[in-house]
Each structure stands twice: as C-alpha cells, then as structure tokens.
Amino acid sequence: MLQIDDKIVSIDLLTCGFCCDLSVCAGVCCVYGDSGAPLEKNEEKKLLKELPKFYDYLTPKGQKAIAELGVAVRDGDGDMVTPLVAEREECAYAYFTENGDCLCAIEKAFLERKTTYRKPVSCHLYPIRLKPLGSNIALCYDRQDMCQCARTLGEKNSTPVFRFLREPIIRKFGKGFYGQLEAAYALL
Ligand code: SF4
C-alpha cells in the first residue's frame, strides 16, 4: 500500500501490467456480475439528464429495464448502481457491436460528441475500485479472471494499471494526484 494524502493506493496498481484487450474479452465486464456498476452521488441525476442523448444506442432490453427500474437502482448492499437488463445479465447501458463485443452506449454517444458525460466514473476507472476507509479513500485493484488478457497485454506492453487508467484517474482525482503516482512509480 502507498499513501498519498487521503488516498491509500494498492501497490498492485503500480507493479502489475494492465491493458484491456477487447479482441479477447469482448467487453465482458459489462455483462459479468450480479449487480450493476457503482454510481457516485450525483450520477443518478446526470444519467436522467443525459438519457435522451444516448437513448437510441441502448438495446430494446436496456430501454425496457430503464423504463421499469429507472436510470439507477439500489443493490443488495443498498448502494446505488446501474440497472441490469435481467438478473446476472448485462448492464442496461450496454450495447453489442456486430462482432458481439459489449460496449457502453453512453460512451458511444460521448465519442460522437452527443454528450459530455463519458460514462459512470466507476466504469471508467475499472479495474480500480474505490472504497471509503475512515476519512481516507482506498484505490483497490479488482483482479478478476475475465481480465487475464489485459494482464497479459499490459505485461507485454510494460503498461502498469495506473498508467492505462491515466485519463479516468485525472478525471476523478486531478493531474496533481496522477503526477504523484508517476513519481512513486519512478522510485520503484
Ligand atoms: S476491464 Fe477486463 S473485461 Fe473489461 S474490457 Fe478490460 S480486460 Fe475486458
């Protein structure tokens, strides 16, 4: 563990390689699991406001889930998360490409400049998961079998997890914190 101000950073984020390889995993992180992606406090409102901008990219199943459940739901732990199209199936905001890859409809609209909201912060930061720890916040590495291809490619490219996630780390915590991670990495 590494402490930078109020952030407790898993050393794995600096020492382990990671680089998503969609040609192998097909974006299964949007399908895997028994609840949706964690949402921050302001993100339910944000999803509601931005929904018309990405609505047409949702699948019929995703549109139906949102109509029935809303843009966000509470999971078994009482945390706000994205809805799923059905139990243990994909996130309501997912869509599938012709190749069968599972991608994010919100991000598709963002990349086409239809919204300034890229996607939930937790999805953008994955495989980093944030956990409150007293007055601190822990940045944990969620190591899952489904991402073995990302570990293989990251090791091959010499890309540590934190560097692969430069953009979302800066989105969430700012350039100063990212610079501190780079400085810590240089000292390893
Ligand atoms: S996080 Fe894992 S499952 Fe998701 S796109 Fe990256 S490698 Fe694939």
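1. Leaving out residues up to four places away in sequence, P38 touches E43, M80, V81, P120, S122 and R129. The model is a predicted one, and in it P38 lies in the loop between α2 and α3, where its relative accessibility of 33% makes it count as partly exposed. Although P38 and D75 are 37 residues apart along the chain, their C-alpha atoms are separated by 9.1 Å.

2. The loop between α2 (22–25) and α3 also holds A26, whose phi is near 60°, a positive value in a residue other than glycine. With a relative accessible area of 26%, A26 is partly exposed. R113, in the loop between α5 (105–111) and α6, likewise has a positive phi near 60°, but R113 is exposed, with a relative accessible area of 78%. These backbone values deserve a look, because most residues other than glycine have a negative phi.

3. Where in the chain is the cis peptide bond with omega of about 15°? That bond joins Y126 and P127, and P127 is found in the loop between α6 and β7 (128–133).

4. How many disulfides does a search of the whole structure find? The search finds zero. C16, for one, is in no disulfide, the nearest cysteine sulfur being that of C147, 12 Å away. C16 counts as buried, since its relative accessibility of 12% is under the 20% limit.

5. The largest nonpolar core has 25 residues, and those with the most contacts inside it are L13, I169, F177 and L181. At least two residues of this core come from each of α1 (12–15), α6 (121–125), β8 (136–141), α8 (161–164), α9 (166–173) and α10 (175–186). Helix α10 gives the most, with four residues. I169, once its neighbours within four places in sequence are set aside, is in contact with L125, I128, F162, G174, F177, Y178 and L181. Apart from this core lies another, of 20 residues, among them F54, A65, C91 and Y117. In soluble globular proteins, nonpolar side chains tend to be buried together.

6. Helix α4 (residues 60–69) has G62, A65 and I66 as its buried residues. Seen down the axis of α4, these buried residues fall within an arc of 95°, so they line one face of the helix. An α-helix has 3.6 residues a turn, so residues three or four places apart point the same way. The face of α4 turned away from the buried side carries the exposed residues P60, K64, A67 and E68, while the cover over the buried residues of α4 includes α3 (43–54). Just after α4, G70 takes a positive phi of about 100°.

7. A last point concerns E107, which is found in helix α5. With a relative accessible area of 15%, E107 is buried, because the limit for that class is under 20%. Leaving aside its neighbours within four places in sequence, E107 is in contact with R118 and K119.

Note on methods:
Residues numbered from 1 in each chain as written. Predicted model: local features only at pLDDT ≥ 70, side-chain atom pairs only at ≥ 80, totals over all residues. Heavy atoms only, no water. Disulfide = S-S within 2.5 Å. Buried < 20%, exposed > 50% of the residue type's maximum accessible area, 1.4 Å probe, protein only. Core = buried A, V, L, I, M, F, W, Y, C linked by side-chain atoms within 4.5 Å. Contact = heavy atoms within 4.5 Å. Arc of directions from axis to C-beta.
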